[in-house]
Amino acid sequence: MKRFKRVLDLSNRLFFLCMLLFSLITAFFNWYVALAEVAVTLLVLVLYRRLRLRRQNKVEQAIQTIQLPSTTTPRMSLLNLPLPTCVLRLDDGLVLWGNPSFAAITGRQDPGFDIAVSELVPALPLKWLSEGKSECPVEVKLGNRSFTVFGSLARSEDPSHTLTALLHWVDVTELMRVRSEIDLMHPVMGIIALDNYEEITKNLGDSQKSTLLASIDDRISQLSRSTDGIVRKYDRDRYLCLFEERHLKKLIEGKFALLENVRELAGNAGIPATLSIGLGVSGATPQESLSFANLAVDMALSRGGDQVVIKNKLRFEFFGGKSKELEKRTKVKSRVMAGALKELILDASVVLIMGHKQSDVDAIGAAIGLVAVARKLECPVHIVADLRSTLAGTLIERLRPLREYADVFIDAQTALLLSDRETLLIVVDTCRPEMVESVELLQSIPRVAVIDHHRRAATYIENATLTFHEPYASSTCEMVSEIMQYIIEPTDILKEEADGLLGGVTMDTKNFTMHTGVRTFEAAAYLRAVGADTISIKRLFQTDLKSNLARHAVVAQAEMLNDQIAIAVADKAIDRVIAAQAADDLLNISGIQASFVLMPAAGQIVVSGRSLGDINVQVIAEKLGGGGHQTIAGAQILNKTMEEVKGQLIAAVNEYYAERG
């Protein structure tokens, strides 16, 4: 009944026109009946208009009785209030009355009309009124104007009566324009770092060096000209920039062409110059924006450089990151970190070492290397690992019978009971707090050290006492091997520990074929010298016949995307190691530059990505909520079907190609 009444209210003109049309059609058959129909139609129209007018008069009389307090006008009612005001019925949104100001902003001729508010103002929500709120939570657009809507309900003691609402419309168009202009004028603070100053200037003559650096300075200064901002060099490889936020969108749309412009300049041995740019936006003060910029540039450098990171109060945004990380030629940082870690261990009552969930050989291998360090320094040490879900079960089974490892492996609950204020927690092979073996343990221990080689993601462990983060390292085991050389003697390392460390390097480099550098082979030579056995490591990664058949079955289901990327979907849950091996096997096929394997696992879909280097699988994985390296990355997606995740992956790949151009 209400719906019929609403249709009648909204379509009365059409209704009466249709009645007259039917009367005209009837005239072709019988003039008398047609005249009777016209008479009835006109009578109904007159009655309807009189009833409508009477109802509007009652509404206006009721509104006239509402007196508004005023210091200048003795009697002011809603009728002569200059603020646009209307009364509507809440159940169906029908406007019962509006004052002349409201009629003006809606383009109506008369203030008294019955029409649905959704036709007048489609963008106006009504739920907030029924929730008891007095202000609409969003700005309402009406034509080219913006309004803030305030409202109140007229409640009746009779629950059967329909609720009505009184709405006041405040024009905030100019306020919004000024606010938008002020937002565009907010300062963006930026730090620009020349990633590889030492590498590109090494062995260059003074004139060549000056020419190269002058060219870099000139291209960086173009940023000030394109943004009407300021760029100042304050160190040999650091620049400070400042511009208004209105220019940021243009830089993003241009994909930060400054990165490519500087990359065209090559230094020693043809090494291209690369920049890391950190931009701080939306800070409450310039000082806060500058702190955001410092965090952003540190993030860019920790992810390998050659990219832009934008930091605001809520999140990081990443742009670029196409180049491979350049390996540093000095071990000064490793020596400094070794000294700092040694002091932390000596001051600790107990050392707890923890990797990521479903720990692998790299995480456990790095952990046992640190166990050897703690043992040498005579500090109690334990490795926190879930032995039911670890992927390094074979390595752990080799270690547990040893006297030195009788009680080393413990679970997270036991670790919480052992910890105190002097406990040192060392997190290895991850820097993301949500990825660690036990988030509760991380949150409960104040002294934390982080050792990781993965490119830093938007979330990372903050306020760590020590952070040793090297995105160009092949593995965490390589980093730990370098630390060990400055703290312990070769005779302090067990053969099984050396095997585990070299096994971690071997796994993450795919038998020294990917993501390797000079320091990778130096670490391998050191581990080989202290007792690591390559045959034992090969046995560490052996799989049974069933696993091999499962791996080949996954490879057989692969599909090609863009003629360069292979995507394979496992029909059922398989071991994550098998999925990773299948992704590696796909790279052995001619023409495939990158591969992804998707498999179901315990209520989630696991994605393993591999690349030969030309395609950055880390950037693609980050679009799915994961991360990793340029050549090795992955993601774990909850509450999605396999088809949905596959669609997300394909969309992420297409987006990556679009961004890369």
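Colleague: Which residue in E11 does Met 189 stand opposite?
Modeller: Met 189 stands opposite Leu 242 in E11. Before we go on, this is a predicted model: local features need pLDDT of at least 70, side-chain atom pairs count only at pLDDT 80 or more, and totals for chains, interfaces and linings use all residues. Residues are numbered from 1 along each chain as its sequence is written, and side-chain values use heavy atoms, with hydrogens and water left out.

Colleague: How many bridges join E9 to E11?
Modeller: There are 7 bridges between E9 and strand E11 (residues 238–244), and the two run antiparallel. Strands here are DSSP runs of E, at least two residues, and helices are runs of H or I, at least four, numbered from the N terminus. Two strands pair if DSSP finds at least two bridges between them.

Colleague: And how does E9 pair with E12, parallel or antiparallel?
Modeller: Antiparallel, over 6 bridges, with E12 covering residues 275–280. Gly 190 has Leu 279 of E12 as its bridge partner.

Colleague: Why is E9 described as largely enclosed?
Modeller: Because 7 of the 8 residues of E9 (residues 187–194) are buried, the rest of the structure largely encloses this strand. Buried means under 20% relative accessible area, exposed over 50%, and partly exposed in between (1.4 Å probe, protein chains only).

Colleague: What is the strand order in the sheet?
Modeller: The order is E10-E11-E9-E12-E13-E14, an open sheet of 6 strands with mixed pairing. Its edge strands, E10 (230–235) and E14 (316–320), each pair on one side only.

Colleague: Which residue of E14 is the bridge partner of Val 309?
Modeller: That is Phe 318. E13 (residues 307–311) and E14 pair in the antiparallel sense over 5 bridges.

Colleague: Switching topic, which residues make the nonpolar surface patch?
Modeller: Leu 21, Phe 22, Leu 24, Ile 25, Phe 28 and Phe 29 make a patch of about 740 Å². Like charges are joined within 9 Å, and nonpolar side chains (Val, Leu, Ile, Met, Phe, Trp, Tyr) within 5 Å. Areas come from the Shrake-Rupley method with a 1.4 Å probe; for residues, only the protein chains shown count as cover.

Colleague: Is Leu 24 buried or exposed?
Modeller: Exposed, with a relative accessible area of 52%. Leu 24 sits in helix H2 (residues 12–27).

Colleague: Last one: what share of the chain is buried?
Modeller: Of its 661 residues, 48% count as buried. The chain has 25 helices and 26 strands.

Note on methods: Patch = residues over 30% accessible without salt bridge, like charges linked within 9 Å, V, L, I, M, F, W, Y side chains within 5 Å. Salt bridge = Lys/Arg side-chain N within 4 Å of Asp/Glu carboxyl O.
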